[in-house]
Amino acid sequence: MTGKVVLYTDGACKGNPGPGGWGVVLSYGNSNKKLHGGEANTTNNRMELMAAIRGLEALKRPCEVELYTDSQYVRKGITEWMHGWKRNGWKTSAKKPVKNEDLWRELDNEVARHSVNWHWVKGHSGNPGNELADELANRGVEELTNA
């Protein structure tokens, strides 16, 4: 593994479902990179997952990653719930299909390439990395709705 990368991720949705966006801020040493995108008809949870996926996907080689998200859904899903979902054939403890299974599988594949430490930050609380990721996620929505 090379270097330590800091990732801030966020998702946004106007309506749920509705047009959504995701944003990522990557920092490695003195280098920073900003990414964003969106989907026309999606949910906030899908955009939160997409942000984490796209951020990890942007890393060209295995890295030690400090990933910050304001989504308990993403953090708990990957650190607490996924093991049980996989054990149960991608079913919840209530024997229902896992929502967003396609993205959870994608995230699982990306996480396997790296050493990821997951951190939750309170959204809209003045954390500069989270605020910038939020701006980028909203830019993803705006580009869809203003096109």
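T42 touches C13, N16, P17, G18, P19, G20 and M47, leaving aside residues up to four places away in sequence; contact means heavy atoms within 4.5 Å. T42 belongs to strand β3 (residues 31-42), and its relative accessibility of 3% makes it buried. Buried stands for under 20% relative accessible area, exposed for over 50%, and partly exposed for values in between (1.4 Å probe, protein chains only). Helices (H or I, at least four residues) and strands (E, at least two) are DSSP runs, numbered from the N terminus.

The model is predicted, so local features need pLDDT of at least 70 and side-chain atom pairs count only at pLDDT 80 or more, while totals for chains, interfaces and linings use all residues. Residues are numbered from 1 along each chain as its sequence is written, and side-chain values use heavy atoms, with hydrogens and water left out.

One of the contacts of T42, P17, lies in the loop between β1 (2-13) and β2 (18-28). The peptide bond that joins N16 and P17 is cis, with omega about 20°.

**Strands**

β2 is largely enclosed by the rest of the structure, because eight of its eleven residues are buried. β2 and β3 are paired antiparallel through ten bridges; two strands pair if DSSP finds at least two bridges between them. Within this pairing, V24 is opposite L35 in β3. The hairpin of β2 and β3 has two residues between the strands, and G29 in this hairpin has a positive phi near 60°.

Strand β4 (residues 63-69) has six of its seven residues buried, so the rest of the structure largely encloses it. β4 runs parallel to strand β5 (residues 115-120), to which six bridges join it. E64 has S115 as its bridge partner in β5.

**Helix packing**

Two packed helices are described by the angle between their axes and the distance between the axes. Here the axes are lines fitted to C-alpha atoms, for helices over the stretch in contact, and angles run from 0 to 180 degrees between N-to-C directions.

Helix α1 packs against helix α3 (residues 101-112) at an angle of about 25°, and the axes are 9 Å apart. The two helices are therefore roughly parallel to each other; that term applies to angles under 35 degrees, with over 145 counted as roughly antiparallel, 65 to 115 as roughly perpendicular and the rest as oblique. The α1 side of the contact consists of R46, L49, M50, A52, I53, R54, L56 and E57, and the α3 side of D102, L103, W104, E106, L107, E110 and V111. By class, this contact of α1 with α3 contains nine nonpolar, no polar and six charged residues. Ala, Val, Leu, Ile, Met, Phe, Trp, Tyr, Cys and Pro count as nonpolar, Asp, Glu, Lys and Arg as charged, and the others, Gly among them, as polar.

M50 is located in α1 (residues 44-57) and touches W22, E39 and L103, residues up to four places away in sequence not being counted.

α2 and α3 have axes that come within 11 Å and cross at roughly 95°. That makes α2 roughly perpendicular to α3. From α2, Y73, V74, G77, I78, M82, W85 and K86 meet W104, L107, D108 and V111 in α3. The residues of this contact of α2 with α3 comprise eight nonpolar, one polar and two charged.

**Loop residues and accessibility**

W90, in the loop between α2 (72-87) and α3, is a residue other than glycine with a positive phi near 60°. H124, in the loop between β5 and α4 (128-145), is likewise not a glycine and has a positive phi of about 55°. The table gives the accessibility of these two residues and of two helix residues.

| Residue | Relative accessible area | Class |
|---|---|---|
| M50 | 6% | buried |
| W90 | 8% | buried |
| E110 | 13% | buried |
| H124 | 60% | exposed |
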